[in-house]
Amino acid sequence: NTVAELTPPYNVEIPASISATVDSVFPLSEVASDVEFVQLEVTDESLLRDIFGIKVSDSHILIHDINQVYLFARDGKFLTKVGSQGQGPSEYLHVDKIMLDEKRREIIVSTTTMGIKVYGLDGKYKKTIPNTKLEDLFGGCLQAFIYQQNNNFLLRAGLPLIAPTNEDVWTWALVDNNFQYIKKFYNPELKGRTKELNEQITAKWGEDRWYEHNNETLTDFYNNNFTMSYYAGDTIFRFDETTQDFTPEYILSFAEKPTFEMSHQWGKTDTRFFDYYFPYDYVITKDYFYLFLGHKDKSYIARFNKKNGKIDYAPFENEIIAHRFQNGFTHRRMDISQMFFRNDISGGCPFYVDSKSEDGKYLIDMMNSEDIEKYINMDELKNETVTNEASKQRWMDLLNRLSDDEQIIAIATLK
């Protein structure tokens, strides 16, 4: 008898103790048909220092570097700076987030103190959307994220608060093209904690009760479906444009979970947090759902088969990084907390998912000369067995002509 394929919401069971079912991290060829390596052109006007954000489409690559925005063609050719730094109506001081709207041929720049600015693909200023400073949109939340969802936008607010509120703290909000609220969505774990969150504003920096939930990796756009998970949550939700609501797509059934206080402490002062498998990132593909599970002893990437429900676990070494500040406070985090795959298509180094295109077509890995020096051995790459020799040769040719301080964008096309 033929077994019927599973349908959403999928139930993904995570046991209290995990054993590896495969020897190495999952191959990129499972999820992607090809990898393209793009060398961003260096000119006097496009000297990149540190990439904070990236948007990739079929035609363009948009880069947020420190506090300047640059537009490149898809092949890496520099096209234009977008706006400029300053305090005038068409300028910005501090860039927070960037968006690329090719349908309207517009670039949207969210600034920290000067509102949301709109520019053309020629980099020239068009308008500032009224009442869109971060304090207007996000109230007292310190962390702010903006995603485009077809004709609307989704905002995500992150803790901690920096200004008090009398209302429940929302986490997601649907807004229109003028960034007017249509609907707000609330993390159930924050319900009823308004007084507690307000009290954190007066807490000393780094105290145990200073909460955060600003993990940007808990979103995905595969097949033009926007999905998200609340920080430390147990459900992946899909946004339904018809109902304008979030519906469960994946139920993460953890046998054991850390307490709210453990998971939301900024510095992870209670180190028992690292005794639990914690969801840091996920990737959705045609056949599989991949879940990154951090743990102090050994971390895993879980691969859930959407057809039959089988779960495999790929182990990898991870460690807790502790940073002690001058005031004596110690901040702890996992060294690796983002999804990655073994690049068996072109070889050379792991493919770390730094970003996902909002049209759901691409996974993006940003690499600089330090990453390449750390991970790639040219002699080993020459002899490495890959699924696409032509792709490996293009990669090697690029590496041979690469100079210092250049940025490479690896773009994997999803199946």
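Begin by selecting Phe226, which is buried at 1% relative accessibility; buried denotes under 20% relative accessible area, exposed over 50% and partly exposed in between, with a 1.4 Å probe and protein chains only. The model is predicted: local features require pLDDT of at least 70, side-chain atom pairs count only at pLDDT 80 or more, and totals for chains, interfaces and linings use all residues. Residues are numbered from 1 along each chain as its sequence is written, and side-chain values use heavy atoms, with hydrogens and water left out.

**Rings around Phe226**

Rings of Phe, Tyr and Trp (its six-membered ring) pair if their centres lie within 6.5 Å; planes under 30 degrees apart are stacked, over 60 edge-to-face and the rest tilted. Phe226 sits in the loop between E15 and E16, while Phe246 belongs to strand E18 (residues 245–254), so the pair ties together parts 20 residues apart in sequence. Helices (H or I, at least four residues) and strands (E, at least two) are DSSP runs numbered from the N terminus. Phe246 is buried too, at 10% relative accessibility.

The structure holds 39 aromatic pairs in total. Select Tyr147 next: its ring and that of Phe226 have centres 5.7 Å apart and planes at 55 degrees, so they too form a tilted pair. This pair links distant parts of the chain, 79 residues apart, with Tyr147 in strand E11 (residues 141–149) and Phe226 in the loop between strand E15 (219–220) and strand E16 (227–228). Tyr147 has a relative accessible area of 4% and is buried.

**Aromatic cluster and charges over rings**

Now display Tyr231, Phe273, Phe274, Phe278, Tyr280, Phe292, Phe316, Phe340, Tyr352 and Tyr375, which form one aromatic cluster.

Move to Tyr181, where Lys184 lies over the ring face at 4.6 Å from the ring centre. A charge sits over a ring if NZ of Lys or CZ of Arg is within 6 Å of the ring centre and within 35 degrees of the ring normal. At Tyr288, Arg303 lies over the face, 5.0 Å from the ring centre.

**Nonpolar cores**

Which residues touch the most other members of the largest nonpolar core? They are Phe289 and Phe341, in a core of 66 residues. A nonpolar core is a set of buried Ala, Val, Leu, Ile, Met, Phe, Trp, Tyr and Cys residues joined through side-chain atoms within 4.5 Å. Strand E20 (residues 288–294) supplies the largest share of this core, six residues. Another core, of 25 residues, lies apart from it and includes Ala144, Ile146, Phe153 and Phe179.

**Backbone stops**

Select Pro8 and Pro9: the peptide bond from Pro8 to Pro9 is cis, with omega near -5 degrees. Pro9 is located in the segment before strand E1 (10–14).

Ala232 has phi near 65 degrees, a positive value in a residue other than glycine. Ala232 is placed in the loop between E16 and strand E17 (235–240), and is buried at 7% relative accessibility.

End at Lys268, a residue other than glycine whose phi is positive, near 50 degrees. Lys268 lies in the loop between helix H3 (260–264) and strand E19 (278–284). Is Lys268 buried or exposed? Its relative accessibility is 5%, which counts as buried.
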